[in-house]
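User: I would like the labels used for this structure checked against their definitions. Please go through them one at a time.
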Amino acid sequence: MANETLPKWWKEATVYQIYPASFKDSNGDGLGDIPGISSKLDYIRDLGVNVIWICPFYKSPQYDMGYDIADYQDVHAPYGSKADVDALIAGTHARGMKIIFDLVVNHTSHEHAWFQESRRSRDSPKRDWYMWRPAKVVDGKRVPPNNWRSNFGGSVWEWDEPTQEYYLHYFAVQQPDLNWENPVVRKAVYATAVNYWLDKGVDGFRIDTVNMYSKFLDFPDAAVVDPSTPWQPADKYYSNGPRLHEFLKEMHRECFSKYDVVSIGECPNTPNFKDVLPFVSTQEKELDMVIQFDLASLDHGGGELRLWRRDWKLHLFKAITEDAQILAIPEHDAWCTTYLENHDQARSVSRFGSDAPQFRVQSAKMLATYLLTLSGTPIVYQGEELGMVNMPRSWDVEKEYKDLNTVDYMRELRRIAGDDKDMLEKGIYSAQMTARDHSRTPMQWDSSPNAGFTTAKQTWMRVNDSFTEINAAAQEQDGSSVLAFYRTLLKLRHTYKQLFIYGSFELSEPDNEDTMTFIKRHEEDNALVLLNFTKDDQPFVVPSRFKGRPELLISNLPTAQKHVLRPYEARIYINHDAKTMTNGV
Ligand code: GLC
Ligand code: CA
C-alpha cells in the first residue's frame, strides 16, 4: 500500500453539518447561535459522527446568510462572541470529535474593510484586490463588460457610480469577487481567513465555491439562451479558470500542508471524473475531497428556471454514484464525499424518497442506508438524521421562504410566466420541491412550541409544521425511529469499515429504474446493499458476484420476504463467514 493510501482520520470521518441560524437558540431571540450548538454536542456525539462542519458564523451583514463575510476573524454578534467560538472548539475536541469551519474566499462582503478600501478610489492601494472593469459603450449606452447572469440574478457586474467602473460578483451584489490574480490578496486570505483558524486548532475547512477563484480574464460573452433578458447563464465560465490548480496548490502549500487538517472543496460544474481527479489526487497536493453537484442537480430540469422534474432517473442516480465511488479506489489515491442534503438543498426524503405519511420513515431509512454504506466521507445535514421533510405545500412561497436565491427565483418566474397560470403553478411547485429554504427551517428538537428550538415566540424562519411528529426527543424514545437507525448504521459502518468505508463498489443492474443493488467488497468479504426507491413491491435477485452465504445485517423492516423488496425497503447482507470486520487496518 502506498504511503498516501494509508487511512487518515478524515477518511473514517462522518461529517455532521450545522447551520447556525437554525440549529439551537440559547438566548431566546429566535435565532440559533454558537452557545446553542455547544449545548447540543452530546447529541451529535451520540449520533456516532466524528466531525462537525459549522456553516459561516463570521461577522456579516447576512445578505446571503453569512456567505458574505465582513471580517474573517470576528463573529456575527447575534451568534455569540469569539470566546463562544473558542468554547465550541474546545467542547468538540473534549468529546473526541473534530470541527471544521466554512472558508468563503472567492468573495467577501461589500462591507469587508478590503472592499471598502478598494472602492474608495481608482488609485486605492487595494483597488486591485477585487475585479474592476470599465464599462463598454454600445449604441452610446453604458453596458457591463459582458452578459453573464449572476447566480442570484441580474448582471455579474455592478456599476460603482463614484469611481465610474464595474465590479464583478458571481453571487449577490453584496458579494464582490476577490482578485486571486494578485499575490498580495492570496497571502492576505491565507493569513487572515485560513491559518488564523488552523492555528487556533480548527481541524480544516469546507471550502465554498473552491473552483471559482481563477477567472477567465477575457470575460467572453455567454451564448444567448434567453433573448428576453440581457443576462445569460454562464456556469461554464464561473468555474475552473486557467490558473485554478496553480492557486489551489499554493493554498495547500501555504496552509493545509502545515497542519493535520482536512480540506473539502465545493466543486460545482465539474461532472467528469477526469476533471475531478486533479483536485483530489494525493499527488497533486490540492484538496482532500470535493463536494460534487451532479446528484443534487439530478431532479432539476434545464432552462432558465431549472424546474423540478419528478421523472428523474434512478439509472443516472446510480451512474453518478459510481463515478464518485471510483475516486476512492486505492489505484486513484484520492477520496470522495457522499451527501444527499446540505443548506443549499431541499430535504432528500421529499425529493428522492417519499414524505407521504406511510412511506416517510421507511424511505428516510432507505436513503440513510445508501448514504452510510458508500466509500468516502459521508456528510449528514442537521435534521436529515430525523428524516425531516420539506415545508408544507400550503405555505406561501413569497411569504415564508427567506433565501435571496428564492426571492430572485420568484421574480424571474413571474417575469417569465407573465399571465401563464400553468407555468406559474409549475414554477411554484418547483420551489416547493427544491428551494434552499427547506433545509433552513429550525431543527426539530421536541414537540414543545417552536420545536424546542427557541423559547421565543417568533423564530427567524417558520418552524416546519411537521415538528409535532418529527422531532429528536420522540425519536430518542423510539427504537424504530430514523434517528435510531442512523445510530445503528453509523456503528456498523465503523465495525465493518473495510467494507463500507474502504471497500470497492460494484453496481448490479445499472439500468433498473426501481431498485439499486450494489456490492461492497474487501478481499474475501462482501456486503450486499439492496434499496427499493419505489412505493411498490419490487423483485430482487442476489447477484452471482456475491460470495458466500448472505446473512442479513440490517433492514428497515421487521421481516424480510424472500424475493421481494417492500416499498422503500433497504437491506444489507454480508457473507456469514466475513472476517475483516474489526477496527484493525
Ligand atoms: C455556496 C454556498 C451557498 C452560497 C454560495 C455563495 O454555494 O453553499 O450557500 O450562497 O456559495 O457563497
Ligand atoms: Ca440566539
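User: Why is proline 550 called partly exposed?

Analyst: Proline 550 has a relative accessible area of 35%. Buried means under 20%, exposed over 50%, and partly exposed in between, with a 1.4 Å probe and protein chains only; therefore proline 550 is partly exposed. This is a predicted model, in which local features need pLDDT of at least 70, side-chain atom pairs count only at pLDDT 80 or more, and totals for chains, interfaces and linings use all residues. Residues are numbered from 1 along each chain as its sequence is written, chains are lettered from A and ligands numbered from 1 in the order in which they are written, and side-chain values use heavy atoms, with hydrogens and water left out.

User: What does proline 550 contact, leaving aside neighbours within four places in sequence?

Analyst: Tyr573 and Ile574 are in contact with proline 550 on that count, where contact means heavy atoms within 4.5 Å. Proline 550 lies in strand β20, residues 550-555. Its C-alpha atom is separated by 9.3 Å from that of aspartate 577, 27 residues apart along the chain.

User: Why is aspartate 408 called buried?

Analyst: The relative accessible area of aspartate 408 is 5%, so by the cut-off of under 20% the residue is buried. Aspartate 408 has its place in helix α14, residues 404-417. Not counting residues up to four places away in sequence, aspartate 408 touches Arg149, Asn151, Phe152 and Gly153.

User: What makes a residue a donor to the calcium ion (ligand 2)?

Analyst: Donors are N, O and S atoms within 2.8 Å of the metal, or 3.2 Å for Na, K and Ca; water is not among the atoms, so sites may look incomplete. The calcium ion (ligand 2) is coordinated at 2.3 Å by Asp25 (OD), Asn27 (OD1), Asp29 (OD), Leu31 (O) and Asp33 (OD). Along the sequence these donor residues follow the spacing D-x1-N-x1-D-x1-L-x1-D. Both aspartate 25 and aspartate 33 are buried.

User: How do you know whether the radius of gyration of the protein chain agrees with a compact globule?

Analyst: The radius is taken over C-alpha atoms, and the globule rule is 2.2 Å times the number of residues to the power 0.38. With 585 residues, a compact globule would come near 25 Å; the protein chain has 24 Å, so the value agrees. The C-alpha atoms fill a box of roughly 75 × 60 × 50 Å along the principal axes. Of the 585 residues, 60% count as buried.

Notes:
Helices (H or I, at least four residues) and strands (E, at least two) are DSSP runs, numbered from the N terminus.
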